[in-house]
Amino acid sequence: MIAEAVSPGFIRRRARLYAGVALVSGTNGKTTTSSMLRAILDGAGTSTVGNESGANLRQGIATSLLRVPVATALAVLEVDEATLTNVMPELEPRVLVLTNVFRDQMDRFGEVERVIELLERSCDLLPEDATILANVDDPLLWPALEHRDPVGFGIRLLQAPASVPSMRVETEVCSRCGEPLVYTSRTFAHLGVAGCSGCSWRSAEPTYVGTITERGGLRLVTLEVAGERLTLPTGGVHNAYNAIAAIAAADQLGVSMSQAVQTLRSFQPRFGRAEQVQVGGRSVWLALMKNPGAAHVLIDEIADDPRVGSVVVSVNDAAADGHDISWIWDVDFERLVRAGLPLVPSGKRVGDVAVRLKYTGGSVEPQHPDPLDAITAALAVCPSDRSPVVLATYTAMLSVRKAFGGQVASLADAPV
């Protein structure tokens, strides 16, 4: 705020000092995708700057650019969907990565149609020679961009998932004619390969594709990319999407897919993305739950991970979380109950969480607004050979990390 106050036009002038700018936007995956892309570029010898803390509004972007640039450096920035139109003319990116569209912070965005409109307007502001990379498996996002000739990335499954989700996150209808979509394969939520039952629309073939060959709960996911085997030290189909998006962007910026894969093998998860803390010699995993889409894929991995023994559900309603938390009723917490996991309500909206979890019909522990109290309660009902997971919204995750005084390590360091 100070930089822009004393130097109007700071972002525009600063961006010109870099060899190029790459932006990442969309509902879920911005922080991890941009972190992966920076890791790939740094590993290839191209220095980068970016908003590594995830501060993706205008002030966070300006702060990231305060660092004195090297002439050959690239700026890799994640940008909030509503901020994208504001900063696009100033940053003039070479590459724009769009991850997906889900309902999120409904007090800010309303429904997904509003987010799609924002992303479309942002694409209109791109330089003529810029490349749009978009998730071809998102039947909400891709049809809105097809006429702009985007480059697509996607994920394929070697085997169909063992279970079909009992709750659908978004309405699955054709954006052209409104008829129901029919899926030939589904990765998670509304993402997958689909076609319209009423018109000729079909999912396009991705230019960049990753095929998942192994899933290891929260611990790992293995995919094949361009003939290369990539095992990420963090689990989830969502992270497979983040990886293929970062690999695609790196390729557009001149780093080979083979080199990108090699770098990502040692990638470490960022803020709340399968991190761990130690409590009395036991591991507790942290997982950021922003919205129904994010919660859906995390719950799927948690329920299938035999090392998980209990779950804390912590929800805040600060501006960064979204004041409207009604989305918790769209989350399939029942999946955790079917997996036999005790649940502990927590966060500033602990009462609402407790009511929601009561309706799961599962084992729900007394509510604990304080994060340490909630984790202690989760440890008490967790088998000694397993670990609790904290599912938390953004500021709730900040509270957890603050309570532990920064004693946060990567899940990759956890004993297997």
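Predicted model: local features only at pLDDT ≥ 70, side-chain atom pairs only at ≥ 80, totals over all residues.

**Stop 1: the core**

Select L37, L133 and L264. These residues have the most contacts inside the largest nonpolar core, which has 43 residues.

Zoom in on L37. Which residues is L37 in contact with, leaving aside its neighbours within four places in sequence? They are A22, V76, A246, A249, A250 and L253.

**Stop 2: strand β1**

Select residues 20–25, strand β1. How many of its residues are buried? The count is 6 of 6. In a regular strand, side chains alternate between the two faces of the sheet. Colour G20, A22 and V24 for one side of β1, then V21, L23 and S25 for the other. Both faces of β1 are covered, and these residues are all buried.

Next, show the partners of β1. Strand β3, residues 74–78, pairs with β1 in the parallel sense over 5 bridges. Pick L23 and look across to β3: its bridge partner there is L77. Strand β4, residues 95–98, also runs parallel to β1, joined by 4 bridges. Pick V24 this time; its bridge partner in β4 is V97.

**Stop 3: helix α5**

Select residues 81–91, helix α5, and pick out T85. Is T85 buried or exposed? T85 has a relative accessible area of 15%, so it counts as buried, the limit being under 20%. Show what surrounds T85: beyond its neighbours within four places in sequence, it is in contact with L118, R121, S122 and L125.

**Stop 4: a surface patch**

Switch to surface view. Select W329, V355 and Y359, which make a nonpolar surface patch of about 350 Å². V355 sits in helix α13, residues 350–358. V355 counts as partly exposed, at 41% relative accessibility.

**Stop 5: salt bridges**

Side chains of opposite charge can pair when their charged atoms come close. The whole structure has 22 salt bridges.

Begin with D137 and R156, whose side chains meet at 2.9 Å, N to O. D137 is in the loop between β5 and α8, while R156 is in strand β6, 19 residues apart. Both D137 and R156 are buried.

Move on to E146 and R176. Their closest N and O atoms are 3.1 Å apart in a salt bridge. This pair links distant parts of the chain: E146 is in the loop between α8 and β6, and R176 is in the loop between β6 and β7, 30 residues apart. E146 is partly exposed, with a relative accessible area of 25%. R176 counts as exposed, at 54% relative accessibility.

Then select D317 and R349, which meet in a salt bridge of 2.8 Å, N to O. D317 lies in the loop between β14 and α12 and R349 in the loop between β15 and α13, so the pair ties together parts that are 32 residues apart in sequence. D317 is partly exposed at 23% relative accessible area, and R349 is partly exposed at 22%.

For the last stop, select R215, D300, E301, D304 and R335. A network of salt bridges links these residues.

Terms used:
Residues numbered from 1 in each chain as written. Heavy atoms only, no water. Core = buried A, V, L, I, M, F, W, Y, C linked by side-chain atoms within 4.5 Å. Buried < 20%, exposed > 50% of the residue type's maximum accessible area, 1.4 Å probe, protein only. Contact = heavy atoms within 4.5 Å. Helix = DSSP H or I, 4+ residues; strand = E, 2+ residues; numbered from the N terminus. Pairing = 2+ DSSP bridges. Patch = residues over 30% accessible without salt bridge, like charges linked within 9 Å, V, L, I, M, F, W, Y side chains within 5 Å. Areas by Shrake-Rupley, 256 points an atom, 1.4 Å probe, with all protein chains shown as cover. Salt bridge = Lys/Arg side-chain N within 4 Å of Asp/Glu carboxyl O.
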